[in-house]
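The sequence and structure are shown first, and the account follows.

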Amino acid sequence: MMGTLMEHVWVDAMELMEIANELVAGCREGREEANLDKLYAPDAVSVEAMDMGNGRETVGVEGIKGKHAWFGSMYEILDGTVGDPFPHGPDRFAVTFNMKAKNKETGVVEDMEEVALYHVADGKIVREEFFYTE
């Protein structure tokens, strides 16, 4: 691992899955923002696959909340599914997201699919990385 992830103590598999399952449940139940405070380290890093106008990396829970607010201001989610978590070793898990979203400005409805990779240390999500196509 690189950077600040080296400084953290890895979690055990049970704790990793508790965090992963809570993240998925929160996404399915509309508790994403509450889970940012509950599950994320204050200095967590969020990395997008491409720059959407604000750079690819956002640092800190408040910045990540801003990303969520921006997305909510741009898109109306019409339908979607959140897959079950895929654990990867003691410190990472991935989740798939599929959604149908309407661009609020243009009215265009888009099918969106992404994979998110979450890194966990000290019982908190410290990094999230999103993979998708344009």
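Apart from neighbours within four places in sequence, Lys 67 is in contact with Ser 46, Glu 48, Thr 58, Glu 128 and Phe 130. The model in which these contacts occur is a predicted one. Lys 67 belongs to helix H3, and its relative accessible area of 18% makes it buried, because the limit for that class is under 20%. Between the C-alpha atoms of Lys 67 and Lys 38, which are 29 residues apart along the chain, the separation is 17 Å.

**Helix H3**

Helix H3 comprises 14 residues, 61–74. Lys 67 is one of the buried residues of H3, which are Val 61, Ile 64, Lys 65 and Lys 67. These residues cover an arc of only 155 degrees around the axis, which means that they lie on the same side of H3. The elements covering them include helix H2 (32–39), strand S1 (40–47), strand S2 (57–59) and strand S7 (124–131).

**Ser 46 in strand S1**

One of the contacts of Lys 67 is Ser 46, a residue of strand S1. Ser 46 counts as buried, with a relative accessibility of 0%. When residues up to four places away in sequence are not counted, Ser 46 touches Arg 56, Glu 57, Thr 58, Ile 64, Lys 67, Glu 128 and Phe 130. Two of these partners, Ile 64 and Lys 67, are among the buried residues of H3. Ser 46 and Thr 58 are twelve residues apart in sequence, and the distance between their C-alpha atoms is 5.1 Å.

**The pairing of H2 and H3**

In general, two packed helices are described by the angle between their axes and the distance between the axes. The axes of H2 and H3 come within 10 Å and cross at roughly 165 degrees. H2 and H3 are therefore roughly antiparallel to each other, since angles over 145 degrees count as such. H2 passes H3 in a right-handed crossing.

H2 has its own buried residues, namely Asn 35, Leu 36 and Leu 39. Viewed down the axis of H2, they fall within an arc of 115 degrees, so they line one face of the helix.

**Leu 39 in helix H2**

Leu 39 is found in helix H2 and counts as buried at 6% relative accessibility. Setting aside residues up to four places away in sequence, Leu 39 touches Ile 19, Glu 22, Leu 23, Lys 124 and Ile 125. The C-alpha atoms of Leu 39 and Gly 123 are separated by 7.9 Å, although the two residues are 84 residues apart along the chain.

Asp 122 is located in the loop between strand S6 (109–121) and S7. Asp 122 is not a glycine, yet it has a positive phi of about 55 degrees. With a relative accessible area of 45%, Asp 122 is partly exposed. In the segment after S7 lies Thr 133, which is exposed, with a relative accessible area of 71%. Thr 133 and Glu 114 are 19 residues apart along the chain, and their C-alpha atoms are separated by 7.8 Å.

The table below collects the accessibility of the residues discussed.

| Residue | Relative accessible area | Class |
|---|---|---|
| Ser 46 | 0% | buried |
| Leu 39 | 6% | buried |
| Lys 67 | 18% | buried |
| Asp 122 | 45% | partly exposed |
| Thr 133 | 71% | exposed |

Methods: Residues are numbered from 1 along each chain as its sequence is written. This is a predicted model: local features need pLDDT of at least 70, side-chain atom pairs count only at pLDDT 80 or more; totals for chains, interfaces and linings use all residues. Side-chain values use heavy atoms; hydrogens and water are left out. Helices (H or I, at least four residues) and strands (E, at least two) are DSSP runs, numbered from the N terminus. The expected span of a helix is 1.5 Å times one less than its number of residues. Buried means under 20% relative accessible area, exposed over 50%, partly exposed in between (1.4 Å probe, protein chains only). The arc is that of the directions from the helix axis to the C-beta atoms. Contact means heavy atoms within 4.5 Å. Axes are lines fitted to C-alpha atoms, for helices over the stretch in contact, and angles run from 0 to 180 degrees between N-to-C directions. Angles under 35 degrees count as roughly parallel, over 145 as roughly antiparallel, 65 to 115 as roughly perpendicular and the rest as oblique. A crossing is left-handed if the near helix is turned anticlockwise from the far one by less than a right angle, and right-handed if clockwise.
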